[in-house]
Amino acid sequence: MKNFLAVALLGTAVIGGAAFAQSTQPADRAVPAAASAQSADAKMALKGNWRASKLMGLNVYNEANEKLGDINELLVDKSGKINAVVIGVGGFLGMGEHDIAVSMDKLKFVEEPVRNSSSSTSTTSRDATTGAASTTTNRNANDWVADHAVMSGNKEQLKALPQFKYSDYN
């Protein structure tokens with residue numbers, strides 16, 4: 001019985017020692033400092049771009065600050081260029097909505113909130129898609145999204161445009 005107990009204790013010590021020797025390094029030590037610096041450089045190189053996922057659902061207004069609809073989809077070709085923006089015009093909670101497709105150059109993206117025309121007589125300053133954030137805004141410069149888009153026209157004019165269909169079945 002003593003021999004069996006000695007062998008069991010010796011086996012446990014050998015197996016346990018090997019298991020304890022295989023501990024992993026903490027995550028902050030496992031990543032070299034050079035790799036961390038490269039990821040920070042890559043992030044800075046992409047600053048000023050917008051996330052497509054954040055453009056989905058973005059409100060679209062006209063020059064009179066009247067809401068026309070919202071962005072439902074971005075149509076992208078194989079090279080990654082945005083060919084069209086699908087905007088849902090009118091409707092209520094998605095019912096009765098009229099989808100239209102417009103080219104990206106028909107929209108001007110704005111990085112500051114919509115101004116209420118009754119509270120201010122000044123016009124909203126509009127930045128192009130490559131413009132920087134305005135200094136009068138409270139938004140974080142690293143939001144990766146515009147506040148809203150502006151397009152010329154009114155709801156009736158946009159509803160008169162041909163309806164965009166994804167297929168013959170919708």
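Start with the aromatic rings: a search of the whole structure turns up two aromatic pairs. Rings of Phe, Tyr and Trp (its six-membered ring) pair if their centres lie within 6.5 Å, and planes under 30 degrees apart count as stacked, over 60 as edge-to-face and the rest as tilted. Select Trp50 and Phe109: the ring centres are 5.3 Å apart and the planes sit at 65°, so this pair is edge-to-face. Trp50 is in the loop between α3 (33-45) and α4 (52-55), while Phe109 is in strand β5 (residues 108-110), so the pair ties together parts that are 59 residues apart in sequence. Helices (H or I, at least four residues) and strands (E, at least two) are DSSP runs, numbered from the N terminus.

Now pick Phe164 and Tyr166, an edge-to-face aromatic pair with 4.9 Å centre to centre and 85° between the planes. Phe164 is partly exposed at 21% relative accessible area, and Tyr166 is partly exposed at 42%. Phe109, by contrast, counts as buried at 1% relative accessibility. Buried means under 20% relative accessible area, exposed over 50%, and partly exposed in between (1.4 Å probe, protein chains only).

A word on what you are looking at. This is a predicted model, where local features need pLDDT of at least 70, side-chain atom pairs count only at pLDDT 80 or more, and totals for chains, interfaces and linings use all residues. Residues are numbered from 1 along each chain as its sequence is written, and side-chain values use heavy atoms, with hydrogens and water left out.

Zoom out and colour by secondary structure. The protein chain has five helices and six strands, running α-α-α-α-β-β-β-β-β-β-α from the N terminus on. Buried residues make up 21% of its 170 residues.

Next stop, the largest nonpolar core. That term covers buried Ala, Val, Leu, Ile, Met, Phe, Trp, Tyr and Cys residues joined through side-chain atoms within 4.5 Å. Of its 17 residues, Val60, Ile71, Ile87, Leu107, Phe109 and Met151 touch the most other members. Elements giving two or more residues to this core are β2, β3 (82-89) and β4 (98-102). Click on Val60: leaving out residues up to four places away in sequence, its contacts (heavy atoms within 4.5 Å) include Ile71, Ile87, Leu107, Ala149 and Met151.

What is its phi? Asn65 has a positive phi of about 60° although it is not a glycine. Most residues other than glycine have a negative phi. You'll find Asn65 in the loop between β1 (59-61) and β2, partly exposed at 23% relative accessibility.

Now show the second largest pocket, with about 160 Å³ of space. Twelve residues line this pocket, and the closest to its centre are Lys67, Gly69, Gly90, Gly91 and Glu97. A pocket here is an open set of points on a 1 Å grid over the protein atoms alone where a 1.4 Å probe fits, with protein on both sides within 12 Å along at least five of seven lines; lining residues have an atom within 4 Å of a point. Strand β2 (residues 67-76) gives the largest share of the lining, four residues.

Last stop: Pro162, in the segment after α5 (155-159). Pro162 counts as exposed at 65% relative accessibility.

Note on methods: Points joined across faces, edges and corners; volume = space filled by probe spheres on them.
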